[in-house]
Amino acid sequence: GGETANNLAKWDGVRWIEVGRGTNGKVDSIAAFDDGRGPALFIAGDFIAVQSTLDWTGFSYAIPADHLARWDGEQWSSVPAGPPPEFLAGTIRFVVGSDGSAQVLYVFSSSDGTIWKLSGQGWTSITSPALGGFEQVVVYDDGSGPNLYVSGDQIGIQKQVGAAWVEIRPYAPNGIAYPMVVFNDGSGSRLYSLQYFADLSGSP
């Protein structure tokens, strides 16, 4: 008791400990990802700076971080520029998965239906479904290689195939999105989804 943490903490099995002096605003998303510089935590949220300790004296200083930052276990660092500021200023989410050649970090905003991909080669913008925003993104390999799947109340479930998106489940007339999860049920990984299925139309 008595210790404080600015928006981010870690549990060591006994107690909670602050992480690198924290951030100057709330954290919305967190993911573990290796961008080529080694394993690290990536965070996103309503902050523009993270705090770090300069030396053994404990002097703390702020590192500019435009809603996105990287923690390597010892120090904070900024993330290379990529997505525009207006995208990062919204509520964004992370998904880590393979793009067929390497592990990548997908960063998406459900409000405007935008997806960005971070790999060891930097940022890439991904063409998103044109019909509207979405609530969830997962990476699933149906045997043809890992692909992005998105779901939303106006788009149903769609699968990315190259630069195009293919509908595999129509949108729900009641306007409720399809929550998704990938699970190995013993016969291999399968994509599970929740919703009232009056029929099982659509196919991957």
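In the hairpin of β3 and β4, which has 4 residues between the strands, G36 adopts a positive phi near 105 degrees. Strands here are DSSP runs of E with at least two residues, numbered from the N terminus, and two strands pair if DSSP finds at least two bridges between them. The model is predicted, so to speak of local features requires pLDDT of at least 70 and side-chain atom pairs count only at pLDDT 80 or more, while totals for chains, interfaces and linings use all residues. Residues are numbered from 1 along each chain as its sequence is written, and side-chain values use heavy atoms, with hydrogens and water left out.

β3 and β4 run antiparallel and are joined by 7 bridges; within this pairing, F33 has A40 of β4 as its bridge partner. On to the next pairing: β4 is also linked antiparallel to strand β7 (residues 68–71), through 4 bridges, and here A44 stands opposite L68 of β7. Of the 7 residues in β4, 5 are buried, which leaves the strand mostly covered. Buried means under 20% relative accessible area, with exposed being over 50% and partly exposed in between (1.4 Å probe, protein chains only).

The loop between β3 (27–34) and β4 (39–45) holds D35. With a relative accessible area of 9%, D35 is buried. The side chain of D35 makes a polar contact with the side chain of R37 at 2.8 Å; such a contact is a pair of N or O atoms within 3.5 Å, where within protein one must be able to donate a hydrogen and the other to accept it, and residues adjacent in sequence count only if both atoms are side-chain atoms. Leaving aside residues up to four places away in sequence, D35 touches F42, R70, S119 and G120, a contact being heavy atoms within 4.5 Å.

Another buried residue is L148, at a relative accessible area of 1%, placed in strand β14 (residues 146–152). Beyond residues up to four places away in sequence, L148 has contacts that include Y106, I115, V138 and W165. L148 and S98 lie 50 residues apart in sequence, with 9.4 Å between their C-alpha atoms.

Aromatic rings complete the picture. Rings of Phe, Tyr and Trp (its six-membered ring) pair if their centres lie within 6.5 Å; planes under 30 degrees apart count as stacked, over 60 as edge-to-face and the rest as tilted. The count by this rule is 6 aromatic pairs. W116 and W123 form an edge-to-face pair, 6.5 Å centre to centre with 80 degrees between the planes. W116 is buried at 14% relative accessible area, and W123 is buried at 15%.
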